[in-house]
Amino acid sequence: MKDNRFDAQTEAAIRAAMKLTDEPGPELNQKLKTALYQQEAAMQNQPAMRTLSVWYLPMILNLAVFLMLSAASLMVINSIYLSYFAAGICLYIGLAGVLLTIAGVRRAGLKKEITIRVKKRGVLA
């Protein structure tokens, strides 16, 4: 028997079977396009990220630290005038930190820069 590796009929049948001749109809195309456009419009209306501004965190931490220092100075220092003086300086520095943070954020426009972005669940991206 002869081993014929090149059989034209079989090869033509295989190539014909591999060709994709089915194209979707125009109705299906239109339905897919409208579904895609609706999905894009829904995604544009709803942002995929949730933003949390954290510009106030340094201000709060500064104020908390200096409030604790002023309370500690009132409890630890035995001299009344010296303890009030140290507590007053700590309160002054804490309030100055609050004012400097607010002025710096407004002056430099950092509210948008100092944010944490969290991806929403269930939103296609």
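Q: What share of the 125 residues of the protein count as buried?
A: The share is 13%. Buried means under 20% relative accessible area, exposed over 50%, and partly exposed in between (1.4 Å probe, protein chains only). This is a predicted model: local features need pLDDT of at least 70, side-chain atom pairs count only at pLDDT 80 or more, and totals for chains, interfaces and linings use all residues. Residues are numbered from 1 along each chain as its sequence is written, and side-chain values use heavy atoms, with hydrogens and water left out.

Q: What makes up the secondary structure of the protein?
A: It comes to four helices and two strands. From the N terminus on, the order is α-α-β-α-α-β. Helices (H or I, at least four residues) and strands (E, at least two) are DSSP runs, numbered from the N terminus.

Q: Why are α3 and α4 called roughly antiparallel?
A: Their axes cross at roughly 175° and come within 8 Å. Angles under 35 degrees count as roughly parallel, over 145 as roughly antiparallel, 65 to 115 as roughly perpendicular and the rest as oblique. The pair is therefore roughly antiparallel. Axes here are lines fitted to C-alpha atoms, for helices over the stretch in contact, with angles from 0 to 180 degrees between N-to-C directions.

Q: Why is L69 called partly exposed?
A: L69 has a relative accessible area of 41%. That value lies between the limits of 20% and 50%, so L69 is partly exposed. L69 is found in helix α3, residues 57-76. Its C-alpha atom is separated by 7.3 Å from that of A87, 18 residues apart along the chain.

Q: Why does W55 count as buried?
A: W55 has 19% relative accessibility. The limit for buried is under 20%, so W55 counts as buried.

Q: Why does Y56 count as partly exposed?
A: Y56 has 30% relative accessibility. That is in between the two limits, so Y56 counts as partly exposed.
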